[in-house]
Amino acid sequence: MKWQKIGKIFDPREHVLSCGCTQFAKSPQAYFFDNSVRIFFSSCSLDKTGKYLSHVCYVDFSKDFQNLKNTNKAQVVSLGELGAFDEHGVFPIHIYQQQNELWGYTTGWSRRVSVSAESAIGLVVSRNNGQTFEKFGKGPIMGASLHEPFLVADPFVLLIRQVFHMWYISGKRWISSSETTEAERVYKISHATSDDGIHWKKDNRSIVPDSIGEDECQALPSVLEVEGVYHMVFCYRDAIGFRTEAGKGYRLGYAYSNDLVNWTRDDQVLGLELTGEGWDGQMMCYPHLFRLDGRVALLYNGNNFGKEGFGLAMLESDINEHIKL
């Protein structure tokens with residue numbers, strides 16, 4: 001696919017955000033109004049012990065992304081109470097319009113003792129065009145289960161022929177390179193369906209093949225239907241060494257399907273490779289694939305897991321041109 005890279009369009013270090021956030025703008029997710037686009041993302045503050053807390057923020061752009069019009073002033077989503085699944089943060093959030101409300105499918109996370117974190121998927125609801133959201137309940141709508149024992153996260157939801165479909169990630173195992181290093185997670189993309197968007201039935205299987213081995217970590221799937229073909233963009237990395245070793249950090253992956261069941265992976269078709277230079281030269285991650293006035297666009301984060309902000313790319317070729325069904 002041929003893309004026009006617009007470049008980085010938002011740097012959190014240049015703006016005042018709510019909740020005391022000064023770092024990161026991770027997992028940008030676009031929602032469109034008549035004359036503007038609101039991009040929700042996750043930013044970070046520090047608690048009293050110096051550890052990160054994740055908060056939902058947003059910025060409003062003109063529809064051509066040339067003018068930044070507004071940033072949120074109030075807290076968008078409150079963190080969970082003591083011991084709740086989202087006590088220490090919400091990252092990421094996917095916005096879905098449900099009649100006159102905006103539903104936010106969240107990833108709530110909390111710290112653990114033996115491993116770094118646990119996560120589950122929650123639901124929040126906005127009745128003021130996404131300025132603030134109220135929690136559907138204190139607990140998650142989908143979490144660990146018999147065949148997915150931990151790390152349920154990264155929801156992306158579409159309504160297709162009166163059935164809600166959710167693509168998300170689920171943890172497979174924790175691994176460590178030695179007895180003295182911190183355990184790292186391995187997670188894959190999964191799928192679930194629902195009649196109401198609240199109660200979900202899991203497929204209980206990984207749907208996207210690995211490309212770099214069984215310890216590949218897959219994250220942030222987003223799906224777009226174009227002329228009967230479903231296109232998925234996600235990010236993936238090595239489980240070990242991804243923070244410090246070149247070539248093991250996040251890059252973008254791609255898969256497609258015509259039946260929502262079987263997915264063919266072909267990362268090279270996407271045409272967005274790491275260049276080694278610039279704000280996204282070492283890492284590309286946390287993508288959101290969407291339509292913009294008839295064109296296909298992609299929001300994504302660059303180096304350092306979104307610490308330097310997010311950027312935009314516009315597709316210039318036919319998205320179905322290079323696939324073979």
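Trp 279 and Tyr 300 are both buried, where buried means under 20% relative accessible area with a 1.4 Å probe and protein chains only. This is a predicted model, in which local features need pLDDT of at least 70, side-chain atom pairs count only at pLDDT 80 or more, and totals for chains, interfaces and linings use all residues. Residues are numbered from 1 along each chain as its sequence is written, and side-chain values use heavy atoms, leaving out hydrogens and water.

Let's stay with the rings. The structure holds 20 aromatic pairs; rings of Phe, Tyr and Trp (its six-membered ring) pair if their centres lie within 6.5 Å, and planes under 30 degrees apart count as stacked. Trp 279 and Tyr 300 form a stacked pair, 5.4 Å centre to centre with 20 degrees between the planes. Trp 279 sits in the loop between α1 (267-270) and β18 and Tyr 300 in strand β19 (residues 295-301), so the pair ties together parts 21 residues apart in sequence. Helices (H or I, at least four residues) and strands (E, at least two) are DSSP runs, numbered from the N terminus.

Ring pairs also link Phe 91, Phe 242, Tyr 250, Tyr 286 and Phe 305 into a cluster.

Two charges lie over ring faces, meaning that NZ of Lys or CZ of Arg is within 6 Å of the ring centre and within 35 degrees of the ring normal:

| Charged residue | Ring | Distance from ring centre |
|---|---|---|
| Lys 26 | Phe 91 | 4.3 Å |
| Arg 265 | Tyr 236 | 4.5 Å |

Technical notes. Phe/Tyr/Trp six-rings, centres within 6.5 Å; stacked < 30°, edge-to-face > 60°. Buried < 20%, exposed > 50% of the residue type's maximum accessible area, 1.4 Å probe, protein only.
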